[in-house]
Amino acid sequence: MSKNTPKAIRGTQDIFGADAESFAFVVETFERVRKLYRFRRVEMPVFEKTEVFSRAIGETTDVVSKEMYSFEDRGGDSLTLRPEFTAGIARAYLTNGWQQHAPLKVATHGPLFRYERPQKGRYRQFHQIDAEIIGAAEPQADVELLAMADQLLRELGIEGVTLNLNTLGDVASREAWRAGLIEYFSKVRGDLSEDSQERLEKNPLRILDSKDPRDKAFLADAPKIDEFLSDEALAFFENVTSGLDAAGVKWTRAESLVRGLDYYRHTAFEFIPDEGSAAADALGAQSTVLGGGRYDGLIESLGGSVTPAVGWAAGIERLAMLVGEKEAAPLHASIVPIGENGAKVAASLASFLRMHDLSVDVAFRGNMKKRMTRANDAGAFFALILGDDEIASRKVAVKNLRTGDQSLCSFDDVAVVLSEAVEGEEMARVARKFRGSGGFAGKERHPFSNY
Ligand code: ATP
Ligand code: MG
């Protein structure tokens, strides 16, 4: 590097090594889980017309008012690098006529951009996984999304994170609550933070989310949504909570949880680390790992007809910080060629085994001892040793690096022998997982065992 080597942009990350493995583990686990819930994959553009976000998310939100990367392109259009997925997916739902697939369950992941002050767990280019159900008014949709989020966190091995759940009511309840909050906070206006004085007119619900001690003093006594809930809104919320109980999803009521975006109705939620948990220590002040809710008004704000929908997003970096170090994908075999013909036959054997879905490395550097050490260090199940004698008899020496056993195997059989051994490992993994979860009889019984 010299003095004139360009620097990376502030708030971006170059992710490598253990962090990259954790990142990939989060994405792979999400991909696996979303398939269990039958969410279809979508790929979305990284930029949209600015109005997609300003209209959908709301002009008064932090995201739109101060965090967007907007620019004029060469054709004079105002474009914005996506600060979230939902608005773009809603736009696509309308412009592609995806209504025909409703209720549409989609999932995606990728980079997002927000002009924020970079710090631990907060970047200007960050990444999210995202799941949405569009065109479903039923509380079962909320339950399914939350069950998926809950299972995802379990599969990631993340503990000490709790689902904080609230309802913002339907439009009528929310408006009545809003009026109640304006009345309450107006009386103490002068004692609120500057930000909250401004929010008072534009977005009084956001005061409840304030971290400023001057505001916090008034939060406990602020009017609660429950005082304003219509019968329908209450029934909806009860359907969500009883569905969560049946699905075995633990939750806690968070009466003052509101989300930062304007479009939410009914269900709003965040998965937040419990105080004093390892997860809370790892994340520090950036506490929300996954958040979302119902956004029944969003599609209308983009000119669509009334379309109920619900979704969530989670920061991949924050999840990756909680999963700890992950091993790279298993290495099934390391080929150790020795002698004249070794290199060529090794290349051939490696390609043959990879076509059989086995992961293979070729140790082509250093002496025999170094090569074996590397195979061991890489955690390979097997070392496949190819010396001139073995090659002459169309055989390979197969050394099981776990047990130290070594035997000769013919070229014709080696793929089958390795596949069976690897399959044995895989079956053992599944069995361990089932036993680990306690099946039906374990310490944490699944509610299904009561039916
Ligand atoms: P916060 O309150 O932390 O700013 P938010 O409400 O702005 O979060 P959402 O828009 O709901 O966040 O995005 C969902 C998730 O995306 C967050 O819970 C977090 O995990 C992640 N996230 C949001 N902004 C960033 C960022 N700048 N850097 C890294 N992750 C982020
Ligand atoms: Mg934010």
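Modeller: A salt bridge is a side-chain nitrogen of Lys or Arg within 4 Å of a carboxyl oxygen of Asp or Glu. The model is predicted, with local features needing pLDDT of at least 70 and side-chain atom pairs pLDDT 80 or more, while totals for chains, interfaces and linings use all residues. Residues are numbered from 1 along each chain as its sequence is written, chains are lettered from A and ligands numbered from 1 in the order written, and side-chain values use heavy atoms, without hydrogens and water.

Biologist: What makes arginine 214 and aspartate 212 a salt bridge?

Modeller: Their side chains meet at 3.0 Å, N to O, and the limit is 4 Å, so the pair qualifies. The structure holds 23 salt bridges.

Biologist: Why is arginine 214 called partly exposed?

Modeller: Its relative accessible area is 38%. Buried means under 20%, exposed over 50% and partly exposed in between (1.4 Å probe, protein chains only), so arginine 214 falls in the middle class.

Biologist: What does the salt bridge of glutamate 31 and arginine 41 tie together?

Modeller: The two side chains meet at 3.0 Å, N to O. Glutamate 31 lies in helix H1 (residues 17–36) and arginine 41 in strand S1 (residues 40–41), so the pair ties together parts that are 10 residues apart in sequence. Helices (H or I, at least four residues) and strands (E, at least two) are DSSP runs, numbered from the N terminus.

Biologist: How do you know whether glutamate 31 is buried or exposed?

Modeller: Glutamate 31 has a relative accessible area of 17%, so it is buried. Arginine 41, at 27%, is partly exposed.

Biologist: Where do glutamate 198 and lysine 202 lie?

Modeller: Both are in helix H7 (residues 194–202), 4 residues apart, about one turn of the helix. An α-helix has 3.6 residues a turn, so residues three or four places apart point the same way. Lysine 202 is partly exposed at 47%.

Biologist: Which residues are linked in a network of salt bridges?

Modeller: Asp62, Lys66, Arg206, Asp209 and Lys211.

Biologist: What makes helix H12 mostly covered?

Modeller: In H12 (residues 316–323), 7 of its 8 residues are buried, including Ile316, Leu319 and Val323. Just after H12, glycine 324 takes a positive phi of about 75°.

Biologist: How do you know that strand S10 and strand S11 pair?

Modeller: S10 (residues 290–294) and S11 (residues 309–315) share 5 antiparallel bridges, and pairing needs DSSP to find at least two. Glycine 292 has tryptophan 312 in S11 as its bridge partner.

Biologist: What is the order of the open sheet?

Modeller: Its 8 strands run S1-S5-S6-S11-S10-S9-S7-S8, with mixed pairing. S1 and strand S8 (251–253) stand at the edges with a single partner strand each, so one side of each is left without a neighbour in the sheet.

Biologist: How many bridges join strand S15 to strand S16?

Modeller: There are 5 between S15 (residues 395–400) and S16 (residues 406–410), which run antiparallel. Lysine 399 stands opposite glutamine 406 in S16. The hairpin has 5 residues between the strands, and there glycine 404 takes a positive phi near 85°.

Biologist: Why is arginine 365 called exposed?

Modeller: Its relative accessible area is 59%, and exposed means over 50%. Arginine 365 sits in the loop between strand S13 (360–362) and helix H14 (368–377).
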